[in-house]
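Reader: Before I rely on any label attached to a structure, I like to ask what stands behind it. Could we go through some of them together?

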Amino acid sequence: MTRLNDLALSAYGRPLADLSNQQACSMLQDLVKERSAALAPTAGKRRLYYISAEFLLGKLLTNNLINLGLYEDVKAQLEDAGLSLSEVEECEVEPSLGNGGLGRLAACFLDSIATLGLPGDGIGLNYHFGLFRQKFVQNQQLALPDAWLGEEDVLVGGREAFQVPFADFTVTSKLYTIDVLGYGRKTKNRLRLFDLVGVDDTLVPHDSIEFDKREVRRNLTLFLYPDDSDEDGRLLRVYQQYFMVSNAAQLILAEAVERGSNLHDLADYAVVQINDTHPTMVIPELIRLLEEEHDMAFDEAVNIVSRMVAYTNHTILAEALEKWPLAFIERVSPQIAAIIRKLDARIAKNYDDPAVQIIQDGVVHMAHLAIHYGISVNGVAALHTKILEESELSSFYRIYPEKFNNKTNGITFRRWVMGCNPPLAHLLDTTLGSEWRTTGDLTGLLDHADDQDVLSALADVKADAKGRMRAFMLENQGAHIPEDAIIDVQVKRIHEYKRQQMLALYIIWKYLDIKNGNVPPRPITIVFGGKAAPAYTIAQDIIHLILTLSTWIANDPDVAPHLQVLMVENYNVTAAEHLIPAADISEQISLASKEASGTSNMKFMLNGAVTLCTLDGANVEIADLVGEGNIYTFGASSEEVERLYAEGSYDARSYYRRPGIKLLVDFMTNPHFIAMGSAERLRRLHDDVAGKDWFMALLDLEEYIQVKEAVYRDFEDRGAWARKELVNIAHAGTFSSDRTIAQYNGDIWHLG
Ligand code: GPW
């Protein structure tokens with residue numbers, strides 16, 4: 001391997017030991033770029049295009065060093081020179097191209113596709129200001145533009161690519177690439193990010209994410225998910241989506257032709273996975289291009305495209321399933337609107353069930369388009385797929401049972417253990433040998449479930465991770481976490497169905513319990529992290545409640561030594577990499593049936609946290625694997641929840657009236673507490689929980705409190721707890737994204 005000292009001398013004219021962290025970081029980034037430039041793209045006749053509005057990549061340097069097999073060596077050479085890789089890595093800026101689980105899943109998938117040596121690229125957009133950067137001001141979320149693109153950026157290229165024809169004007173795209181390396185592979189794949197020639201960053205002020213939404217020719221690639229609370233915003237999203245898929249379709253056709261396709265055999269050369277419905281317009285766009293630019297007959301084009309597109313569904317929440325007024329699509333691209341009308345007419349002719357129509361009352365149901373004109377529709381966990389088949393999409397399941405399949409999500413072990421928890425990776429190597437790094441098989445650990453040496457090494461690994469996390473929280477936001485605290489974490493987007501408000505109500509209960517003299521045997525630190533959509537008022541209110549509770553408790557000398565509530569500012573992949581390895585308890589408390597899968601549940605498990613959960617999403621599969629005693633479950637089942645919704649019989653008020661619950665909910669609006677925060681936000685949230693509680697936090701609250709207390713009690717049996725940790729890690733192999741991707745390829749893609 002390269003001597004970094006020689007590199008330093010030639011790049012900066014001084015020895016490695018004299019470089020700043022920033023210089024070392026750029027030098028290593030250049031080294032990675034050079035190594036990956038020398039790799040050939042993965043070859044194969046049939047290529048996958050994974051189109052996604054989001055790719056939540058996280059920092060790339062460590063991951064790339066791991067995949068190139070340079071990590072240990074680089075780390076050692078830096079250490080010899082008095083530098084630390086983790087400090088060097090801090091200089092790297094995390095790309096802001098994603099939002100939540102869906103975007104992080106896409107990033108894990110790219111890693112696994114490359115690692116399995118499959119020919120497949122990601123396609124997305126290069127958002128200049130990402131989603132947004134979250135700041136807390138007066139215990140409220142402030143959304144700022146996340147200007148992540150810097151001098152040293154990770155993007156390669158930027159050549160002019162394609163013309164995208166909108167109704168009233170045509171724009172030119174630019175294509176950037178981020179190389180995607182596989183673990184131990186000699187070939188690479190690529191993330192292709194399209195940008196707009198003429199995009200104008202100056203439309204965005206420094207201190208707000210407001211901008212002129214009508215300036216489409218200059219704003220198309222400024223933000224991921226621009227505010228859609230008004231019509232201009234919704235129209236802009238349709239423009240963005242069409243821009244993304246038109247570029248994708250043009251790229252797919254050009255590359256297929258380059259590989260020898262005559263386009264009549266296009267489906268042998270390309271398969272498209274659409275990550276949720278955002279890229280659905282790729283279907284009519286491919287058809288348009290085949291017809292208009294390649295003189296293909298409409299029927300043949302439809303036939304070909306219907307054999308090469310597959311759709312992944314990530315939610316059963318009706319409000320999250322995209323529907324666009326046909327009139328909007330018409331304004332963006334009349335050709336696409338015309339094709340959608342024709343595709344809809346075929347369905348209307350063959351099926352009279354209103355539930356399966358593509359256009360209903362002038363509104364286009366994107367998922368319906370994707371299901372009718374695709375080869376596959378998959379859910380992301382067993383329970384989720386079952387709900388799709390039996391209720392949400394049952395009308396489609398009756399027509400196309402063969403299209404439905406489950407692909408339980410997964411996570412890449414390169415980032416979620418080798419990268420974020422090297423001491424754990426090392427312990428796994430010494431206990432199991434290093435094969436787990438490629439097979440993902442950790443079940444051999446079960447042979448050591450009662451091995452005191454392994455259990456105590458595991459305890460050291462956790463203590464180490466807590467040290468790194470405490471340092472991060474101190475550095476990031478000045479928070480001091482007690483050394484022996486139990487670490488209890490809920491990190492994910494803020495959403496009512498994920499029920500951060502239920503954990504907040506538990507905190508109120510615990511606060512009052514401690515006030516009453518029931519002091520816990522050790523300090524408890526509860527950590528939240530997550531952004532709320534700027535237009536989602538109740539989610540903003542939930543953040544405000546959490547932050548106000550955090551301040552309130554920190555200011556109470558009776559309680560502060562025993563209970564701490566923290567919310568990490570600007571939760572992102574980097575924060576996750578610090579928090580997850582340190583966690584003792586993984587909070588997965590969504591209302592059963594609502595969380596399609598969850599993926600942080602898998603990351604926590606892999607890092608030895610014990611899950612406290614409802615039987616929702618992939619929690620069900622985790623519970624089956626680890627077995628009773630190694631997981632804590634509570635709450636109404638998904639069948640009960642579905643029945644309550646169907647009957648309309650859930651009555652929040654009847655739960656609110658229970659004295660034990662009322663006390664907790666009313667705490668939000670007690671005059672002293674409210675004086676510390678925003679009365680408007682706290683009252684609105686109070687009234688929502690007490691009067692509506694659409695996601696039934698009060699239904700499960702009493703059992704949640706009981707089970708949570710049991711978890712904290714059990715934690716004190718340190719030996720038994722270490723065993724639970726081990727059993728969880730041992731079963732995490734199922735959730736390697738290498739397994740997920742092998743299944744996508746075996747069942748849907750058939751690459752190579
Ligand atoms: F609502 N997910 C997400 F389905 O992160 F579109 N963003 C989204 O917009 C949606 C789903 C959408 C998440 C799911 O909530 C989570 O359960 C799942 O694990 C993840 O996607 C990856 O499949």
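Reader: Which residues form one aromatic cluster here?

Author: Tyr506, Trp509, Phe634, Tyr704 and Tyr712 form one aromatic cluster. Please keep in mind throughout that this is a predicted model, in which 26 aromatic pairs are found.

Reader: Why is the pair of Trp552 and Phe673 called edge-to-face?

Author: A pair of aromatic rings is described by the distance of the centres and the angle of the planes. The ring centres of Trp552 and Phe673 lie 5.5 Å apart, within the 6.5 Å that a pair requires, and their planes stand at 75°, which is over the 60 degrees set for edge-to-face; the pair is therefore given that name. Trp552 belongs to helix α22 (residues 537–554) and Phe673 to helix α29 (residues 671–676), 121 residues apart, and the pair thus links distant parts of the chain. Both Trp552 and Phe673 are buried.

Reader: How do you know on which side of α26 its buried residues lie?

Author: The buried residues of helix α26 (residues 638–647) are Ser638, Val641 and Leu644. They cover an arc of only 120° around the axis, and therefore they are on the same side of α26. These buried residues pack against α15 (382–392) and α31 (697–715), while the face turned away from the buried side carries the exposed residues Glu639 and Ala646. Just after α26 comes Gly648, with a positive phi of about 65°.

Reader: Why does Leu455 count as buried?

Author: Its relative accessibility is 7%, and buried means under 20%, so Leu455 counts as buried. Leu455 lies in helix α20 (residues 452–477), and, leaving aside its neighbours within four places in sequence, it is in contact with Ala449, Asp450, Ala722, Arg723 and Leu726. Leu455 and Glu725 are 270 residues apart in sequence, yet 8.8 Å apart in space, C-alpha to C-alpha.

Reader: Is Arg437 buried or exposed, and which residues is it in contact with?

Author: At 16% relative accessibility, Arg437 is under the 20% cut-off and therefore counts as buried. The residue is found in helix α19 (residues 436–439), and, with neighbours within four places in sequence set aside, it is in contact with Tyr183, Arg414, Met418, Ala425 and Asp429. From Thr2, Arg437 is 435 residues apart in sequence and 24 Å apart in space, C-alpha to C-alpha.

Reader: Are His365 and Asp361 buried or exposed?

Author: His365 has a relative accessibility of 13%, under the limit of 20%, so it counts as buried. Asp361, by contrast, has a relative accessible area of 83%, over the 50% needed, and is therefore exposed. His365 is placed in strand β13 (residues 363–365), whereas Asp361 is found in the loop between β12 (359–360) and β13. Leaving aside its neighbours within four places in sequence, His365 is in contact with Glu322, Lys323, Ile358 and Gln360.

Reader: What is the phi of Asp361, and what is that of Asn139?

Author: Most residues other than glycine have a negative phi. The phi of Asp361 is near 50°, a positive value in a residue other than glycine, and the phi of Asn139 is near 60°, also positive. Asn139 has its place in the loop between β4 (133–137) and β5 (140–144).

Reader: How do you know that domain 1 and domain 2 are in contact?

Author: The chain is divided into domain 1 (1–38 + 59–93), domain 2 (39–58 + 94–409 + 740–748) and domain 3 (484–728). In domain 1, 17 residues are in contact with 21 residues of domain 2, where contact means heavy atoms within 4.5 Å. The area buried between these two domains is about 1400 Å², of which carbon and sulfur atoms give 50%. Leu60, Asn67 and Val93 lose the most area on the domain 1 side, together 39% of what that side buries.

Note on methods
Residues numbered from 1 in each chain as written. Predicted model: local features only at pLDDT ≥ 70, side-chain atom pairs only at ≥ 80, totals over all residues. Heavy atoms only, no water. Buried < 20%, exposed > 50% of the residue type's maximum accessible area, 1.4 Å probe, protein only. Helix = DSSP H or I, 4+ residues; strand = E, 2+ residues; numbered from the N terminus. Arc of directions from axis to C-beta. Phe/Tyr/Trp six-rings, centres within 6.5 Å; stacked < 30°, edge-to-face > 60°. Domains from an automatic or database assignment. Buried area = accessible area lost by both parts, 1.4 Å probe.
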